[in-house]
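Subject: Handover of a structure and notes on what was found

Dear colleague,

Please find the structure below, followed by an account of what was found in it. I would be grateful if you would read the account with the structure open beside it.

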Amino acid sequence: SVLCSACEEVKASQNPSVVVLTGAGISAESGIRTFRASDGLWEEHRIEDVATPEGFEANPELVQTFYNARRRQLLNPEIQPNEAHKALAKLEDVLGNNFLLITQNVDNLHERAGNMRIIHMHGELMKVRCTQSGKVSEWKGDLSVNDLCDCCQPPQPMRPHIVWFGEMPFEMDKINQAIAEADYFIAIGTSGHVYPAAGFVRSARLYGAHTVELNLEESQVGSSFTEKHYGLASEVVPKYIQDTFLNTIAT
Ligand code: NAD
Ligand code: APR
């Protein structure tokens with residue numbers, strides 16, 4: 001039904017505000033490998049070599065090859081959003097402005113499932129940026145050290161639009177504000193090894209949010225959550241969202 005703006009406001013004030021943090025685990029069942037599993041990406045690559053500014057300076061070709069392989073994988077038509085991504089899109093449909101999705105994932109499966117209120121705090125695989133001006137562009141193919149951005153004179157090399165270890169995650173002010181105002185903070189598929197994301201649960205709790213961990217197993221920061229459900233994201237996430245929100249919120 002279409003509501004007038006006053007009714008929209010009343011409806012919004014009655015709904016809880018929900019902040020969701022996702023990590024590699026939510027995309028595992030879509031066929032994208034996580035970082036820290038025994039078959040994870042960090043088993044084959046040294047973080048220092050492929051995911052730090054120093055690694056990029058020392059060997060830009062190696063870093064481009066690592067991200068090119070991951071970008072190619074994302075373009076494979078077999079890689080599709082799963083039931084967990086779809087459940088989060090439904091939740092945003094119902095909650096509107098009371099919903100924010102913070103993802104550490106650099107894939108685009110959340111937007112392909114239909115979410116729009118997303119912060120990619122660790123960047124996006126399908127974007128690159130100028131190493132000098134920081135201008136961000138969409139990028140669908142391989143990136144090579146010979147690809148130059150012509151926004152500067154002389155043209156400058158481009159780098160993946162990814163937050164590497166030791167760099168500042170994106171949109172931290174907006175994230176911190178949303179966490180301070182949240183009624184629910186729900187972490188999905190993240191191991192709790194990487195800060196600042198691993199610390200969000202503690203601040204959410206200090207600010208009074210109900211905190212929920214949905215993961216395959218207890219994470220590194222699992223003891224900080226008040227509610228926990230362990231299992232496959234494609235099963236646990238739709239069930240939790242249905243039971244907690246969709247069955248109770250009038251649409
Ligand atoms: P990191 O070096 O990526 O640091 C996080 C970044 O976020 C830093 O730039 C920091 O300034 C920034 N930051 C921190 N708190 C912030 C806040 N509240 N607001 C805004 N920005 C903030 O990560 P880290 O914490 O040093 O390491 C995370 C994990 O990654 C560790 O558990 C470590 O074991 C692992 N790690 C492993 C390897 C390896 O295995 N070789 C290498 C690096 C990191
Ligand atoms: N359903 C639910 N959870 C799962 C599933 C699944 N099908 N498969 C794996 N998991 C869980 C794992 O148990 C693990 O706790 O997802 C988590 C994935 O953890 P990581 O591989 O460490 O990924 P993430 O937490 O996103 O890593 C954070 O580290 O390397 C950096 O920048 C990179 O954004 C990344 C950050």
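Ala 209 counts as buried because it has 24 C-beta neighbours inside 10 Å; a residue is buried if 20 or more other C-beta atoms lie within 10 Å of its own, exposed if 12 or fewer, and partly exposed in between, with C-beta atoms placed from the backbone. This is a predicted model, in which local features need pLDDT of at least 70 and side-chain atom pairs count only at pLDDT 80 or more, while totals for chains, interfaces and linings use all residues. Residues are numbered from 1 along each chain as its sequence is written, and chains are lettered from A and ligands numbered from 1 in the order in which they are written.

Ala 209 is found in the loop between α10 (200–206) and β9 (210–215). Helices (H or I, at least four residues) and strands (E, at least two) are DSSP runs, numbered from the N terminus. Leaving aside neighbours within four places in sequence, Ala 209 is in contact with Ala 182, Asp 183, Tyr 184, Phe 185 and Ala 204; two residues are in contact if their C-beta atoms, placed from the backbone, lie within 7 Å. From Ala 209 to Asn 97 there are 112 residues in sequence and 17 Å in space, C-alpha to C-alpha.

Annotated positions

The UniProt record, an unreviewed entry, places the feature "active site" at His 122. UniProt positions are given in the numbering used here, feature names are shortened, and annotations may be inferred rather than shown by experiment. His 122 lies in the loop between β3 (118–120) and β4 (123–130). Is His 122 buried or exposed? His 122 is buried, because 22 other C-beta atoms lie within 10 Å. Apart from neighbours within four places in sequence, its contacts are Gln 104, Val 106, Ile 162, Val 163 and Pro 169.

The unreviewed UniProt entry also gives the feature "binding site" at Tyr 67 and Arg 70. Tyr 67 lies in helix α6 (residues 60–75), and Arg 70 lies in helix α6. Tyr 67 is buried, with 21 other C-beta atoms within 10 Å, whereas Arg 70 is partly exposed, with 17. Not counting residues up to four places away in sequence, Tyr 67 touches Leu 125, Leu 143, Pro 160 and Ile 162.

Leu 75 also lies in helix α6. Leu 75 counts as exposed because it has 11 C-beta neighbours inside 10 Å. The C-alpha atoms of Leu 75 and Gly 141 are 66 residues apart along the chain and separated by 9.1 Å.

A pair of helices

How do the axes of helix α7 (residues 83–95) and helix α11 (residues 233–246) cross, and at roughly what angle? These axes come within 7 Å and cross at roughly 20°, where axes are lines fitted to C-alpha atoms, for helices over the stretch in contact, and angles run from 0 to 180 degrees between N-to-C directions. The angle therefore makes α7 roughly parallel to α11; angles under 35 degrees count as roughly parallel, over 145 as roughly antiparallel, 65 to 115 as roughly perpendicular and the rest as oblique.

On the α7 side, the residues that meet α11 are Glu 83, Ala 84, Ala 87, Lys 90, Leu 91 and Val 94. Their counterparts in α11 are Ala 233, Ser 234, Val 237, Pro 238, Ile 241, Phe 245 and Leu 246. The residues of this contact divide into 10 nonpolar, 1 polar and 2 charged; Ala, Val, Leu, Ile, Met, Phe, Trp, Tyr, Cys and Pro count as nonpolar, Asp, Glu, Lys and Arg as charged, and the others, Gly among them, as polar.

Backbone features in loops

The peptide bond from Gln 153 to Pro 154 is cis, with omega near -5°. Pro 154 is found in the loop between β6 (148–149) and β7 (156–162). A cis peptide bond also joins Tyr 195 and Pro 196, with omega about 5°, and Pro 196 is in the loop between β8 (184–188) and α10.

Glu 171 is not a glycine, yet has a positive phi of about 55°. Its place is in the loop between β7 and α9 (172–181), and Glu 171 is partly exposed, with 14 other C-beta atoms within 10 Å.

Yours sincerely
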